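Reader: I have a model on my screen. Please show me how to read it, one feature at a time.

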Protein chains: 2
Amino acid sequence: MAQMDTKTAEKISKALSDPTRLKILSEIKKKKNDWLYCVDLYDNINLAQPSICHHLKQLTETAIILPEKEGRNIKYTMNNEVIDDFIGFLQGLKK
Amino acid sequence: MAQMDTKTAEKISKALSDPTRLKILSEIKKKKNDWLYCVDLYDNINLAQPSICHHLKQLTETAIILPEKEGRNIKYTMNNEVIDDFIGFLQGLKK
DNA sequence: TTTACTCATTGAAATATTTGAATCTTTTCC
DNA sequence: GGAAAAGATTCAAATATTTCAATGAGTAAA
């Protein structure tokens, strides 16, 4: 498992520190092994499209979620590796 | 292990999303089984006392660290339980 | 009980984040 | 090609966070 540096951990923490972004992650989780599409979020989150887009950007820039183009659409999946690396960082904080 | 709710996870993420607060945690970690005192932070962090106090408040309010009075001083230790609960929350995000 | 020490609080400035209307780009379908 | 659909970008307003000088509150030591 990759050793995560402090700056990366800070960015991931920031990405997780917003209710809309946690909601997005829970919507992805709901999809289980399927993908989540933007339209799923427009249906379930009461924010304008540019706002949701902004939050998705935070999550993709930190690679917590991974995007994939599919025609006009973009679909997302959870990136377990980054979450595991972040968990490794947190384990390292403990005494 | 306690099931952490989303709002708590959001607050913990926010508490972790700042370089000064991560630095404080690493200073506590350095102390191993000893306690960290405020003066340790004044020596190692280049910020005014109220700023450090503000950051310590974020960390104690979320119970990531635990304070204890000792005369005029306050000493801190890491709260492994909260970190483990947060790790549990992160595990739950994975697909 | 006065003085010094340690940490907390207040209030204000600087900076960063969140939000959405308007607009742009890319892709699909006719 | 032209129109429609799905996201991305720009920009500005609203809100939140970070920082520190000044000051307050509690404790210890003289």
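Reader: Let me start with chain A. What percentage of its 95 residues count as buried?

Author: One caution before the answer: this is a predicted model. Of the 95 residues of chain A, 26% count as buried. The C-alpha atoms of the chain fill a box of roughly 45 × 25 × 20 Å along the principal axes.

Reader: How many helices and strands does chain A have?

Author: Start with a count, then read the order. Chain A has five helices and three strands. Along the sequence, the pattern runs α-α-β-α-α-β-β-α. Then ask how far apart in sequence the contacts reach. Among contacts in chain A with a separation of 6 or more, 58% join residues 24 or more positions apart.

Reader: Which residues of α4(B) are buried?

Author: First the general idea. An α-helix has 3.6 residues a turn, so residues three or four places apart point the same way. Now this case. The buried residues of α4(B) are Ile52(B), His55(B), Leu56(B), Gln58(B) and Leu59(B). They cover an arc of only 155° around the axis, so they sit on the same side of α4(B).

Reader: What do those buried residues pack against?

Author: They pack against α1 (6-16), α2 (19-30), α3 (38-44) and β2 (65-70) of chain B.

Reader: And which exposed residues does the face turned away from the buried side carry?

Author: That face of α4(B) carries Gln49(B), Pro50(B), Lys57(B) and Glu61(B). Check the end of the helix too. Just after α4(B), Ala63(B) takes a positive phi of about 65°.

Reader: Next, the core. Which residues have the most contacts inside the largest nonpolar core?

Author: Look for the residues with the most contacts, then for the elements that contribute. The largest nonpolar core has 40 residues, and Ile64(A) and Ile64(B) have the most contacts inside it. Elements of both chains each supply at least two residues: α1 (6-16), α2 (19-30), α4 and α5 (80-93) of chain A, and α1, α2, α4 and α5 (80-93) of chain B. Take Ile64(A). Leaving aside neighbours within four places in sequence, Ile64(A) is in contact with Ile12(A), Ala15(A), Leu59(A), Asn79(A), Val82(A) and Ile83(A).

Reader: How many residues of chain B are in contact with chain A?

Author: For an interface, count both sides. Here 23 residues of chain B are in contact with 23 residues of chain A. On the chain B side, α1, α2 and α5 each give two or more residues. That side divides into 11 nonpolar, five polar and seven charged residues.

Reader: Last, the DNA. Which residues are closest to DNA strand D?

Author: List the closest residues, then the elements they belong to. DNA strand D is surrounded by 20 residues, the closest being Cys38(A), Pro50(A), Pro50(B), Ser51(B) and Gly71(B). Two or more residues come from each of α3 (38-44), α4 (49-61) and β3 (73-78) of chain A and α4 (49-61) of chain B. The largest share, four residues, comes from α4(A).

Reader: Which element gives the most to the surface near DNA strand C?

Author: There, α4(B) gives the most, with four residues. DNA strand C is surrounded by 20 residues, and the closest are Ala48(A), Ser51(A), Gly71(A), Cys38(B) and Pro50(B). By class, the surface near DNA strand C has 10 nonpolar, six polar and four charged residues.

Terms used
Residues numbered from 1 in each chain as written. Chains lettered and ligands numbered in written order. Predicted model: local features only at pLDDT ≥ 70, side-chain atom pairs only at ≥ 80, totals over all residues. Near = placed C-beta within 6 Å. Buried ≥ 20, exposed ≤ 12 C-beta atoms within 10 Å, placed from the backbone. Arc of directions from axis to C-beta. Contact = placed C-beta atoms within 7 Å. Core = buried A, V, L, I, M, F, W, Y, C linked by C-beta atoms within 7 Å. Nonpolar A, V, L, I, M, F, W, Y, C, P; charged D, E, K, R; others polar.
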